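This report describes selected packing features of a single model. The sequence and structure are shown first.

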Amino acid sequence: MLIGLLTAIAASICYGTGSVLQAVGSRRAARTSPAAAGVTAHGGPNLSSTAKAAMTWEFIVGTVLDFVGFGLGALAARLLPLFLSQTVISANLVITAVLSVKMLGIRLTRKEWTSIGVVCAALVLLATAAGHEGGHHAPAATHWWLFAVTLLIIAGGTVAVRFLGARAAILAGLLSGLAFGALGVGVRILDGIDPFDPGTLLADPALYAIVLAGVGGMYLHTVALQIGSVNGATAALVVGETVLPGAIGVLWLGDASRPGLAWLAVLGFVLAVTGAVAVAWYGNHDGAQAPAEELSPAGV
């Protein structure tokens with residue numbers, strides 16, 4: 001349990017730092033691109049501007065941190081109940097909010113600090129109440145369903161961004177969170193890991209759901225960072241990343257709380273999601289739109 005918690009916390013730090021760096025790179029690219037070339041007719045970023053964002057050094061470093069976070073998060077998903085591992089990892093919201101004060105020129109309000117405090121308190125409750133993690137086996141049909149749902153999330157999100165433009169910021173963040181949640185479920189049920197069997201691993205649809213969720217979720221999160229508040233987009237991601245995987249873990253994979261502490265686990269989970277939603281609600285800042293040249297010395 002302790003190793004799993006430390007792993008999840010480390011993944012959270014990597015994800016939170018990576019999100020802010022990616023936001024810096026995304027906003028810098030948006031401000032150095034010609035207006036007509038950087039957006040669609042509906043006000044959202046096109047593939048060209050998203051690709052340009054991915055070429056900034058901040059975004060590259062942030063992406064490396066995301067890959068490290070992914071590895072640590074995958075390990076945590078195998079060691080802890082999903083409702084605990086996904087929620088602790090989602091605490092990257094706190095890291096994102098604090099770093100955004102310095103790197104994005106954002107000033108957090110008292111309500112946001114209170115919401116962040118609620119999230120932190122909820123994580124303590126969850127860690128206290130968490131019991132054993134369930135099994136790693138799921139019927140073959142579940143693996144195929146996971147792949148199909150992941151494909152639907154990514155395709156639907158891409159279409160929504162295309163047609164809704166800037167209005168799709170929170171939706172893109174939420175769908176990226178659902179994708180990352182599907183990734184966590186896929187890691188949990190992946191066949192061919194223990195014992196290691198390359199043939200079984202490569203034949204498992206869950207493996208391809210993991211790859212699709214990782215790449216597609218990263219794209220949707222990048223778009224959300226380009227067109228919306230970094231805290232709002234990250235908070236929406238938190239909701240998508242925690243609620244559904246946590247429910248799947250409890251209902252189908254055998255995750256459980258400590259005897260007699262189910263109420264505490266439920267309370268902690270509800271408070272964590274509520275706190276994240278509150279940050280999303282209060283997270284639209286003018287400071288997030290500060291000129292890119294102000295984000296670092298000499299505009300580099």
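Which residues have the most contacts inside the largest nonpolar core?

## Basis of the description

This is a predicted model, in which local features need pLDDT of at least 70 and side-chain atom pairs count only at pLDDT 80 or more, while totals for chains, interfaces and linings use all residues. Residues are numbered from 1 along each chain as its sequence is written, and side-chain values use heavy atoms, with hydrogens and water left out.

## Nonpolar core

Phe83, Leu84 and Leu146 have the most contacts inside the largest nonpolar core, which has 67 residues. Such a core is a set of buried Ala, Val, Leu, Ile, Met, Phe, Trp, Tyr and Cys residues joined through side-chain atoms within 4.5 Å; buried means under 20% relative accessible area, with a 1.4 Å probe and protein chains only. Helix α11 (residues 205-227) contributes the largest share of this core, 11 residues. Helices are DSSP runs of H or I with at least four residues, numbered from the N terminus.

Beyond its neighbours within four places in sequence, Leu146 is in contact (heavy atoms within 4.5 Å) with Ala182, Val185, Gly186, Ile189, Ala206 and Ala209.

## Helix packing

The axes of α4 (residues 57-79) and α9 (residues 169-189) come within 9 Å and cross at roughly 55°. Axes are lines fitted to C-alpha atoms over the stretch in contact, and angles run from 0 to 180 degrees between N-to-C directions. The two helices α4 and α9 are therefore oblique to each other, a class that covers angles other than those under 35 degrees (roughly parallel), over 145 (roughly antiparallel) or 65 to 115 (roughly perpendicular). In this pair, Phe70, Ala74, Ala77 and Arg78 of α4 meet Leu183, Gly184, Val187, Arg188 and Ile189 of α9.

Helix α9 also packs with α11, at an angle of about 155° and with the axes 8 Å apart; α9 and α11 are therefore roughly antiparallel. Residues making the contact include Ala172, Gly173 and Phe180 of α9 and Gly214, Gly217 and His221 of α11.

## Two buried positions

Asp255 lies in the loop between α12 (230-251) and α13 (262-282). Why does Asp255 count as buried? The reason is its relative accessibility of 4%. Its side chain reaches the backbone nitrogen of Leu82 at 2.8 Å, and a polar contact (N or O atoms within 3.5 Å, one able to donate a hydrogen and the other to accept it) of 2.6 Å joins the side chains of Asp255 and Arg188.

Gly216 is placed in helix α11 and counts as buried at 6% relative accessibility. Gly216 and Thr158 are 58 residues apart in sequence, with a C-alpha to C-alpha separation of 8.7 Å.

Methods
Buried < 20%, exposed > 50% of the residue type's maximum accessible area, 1.4 Å probe, protein only.
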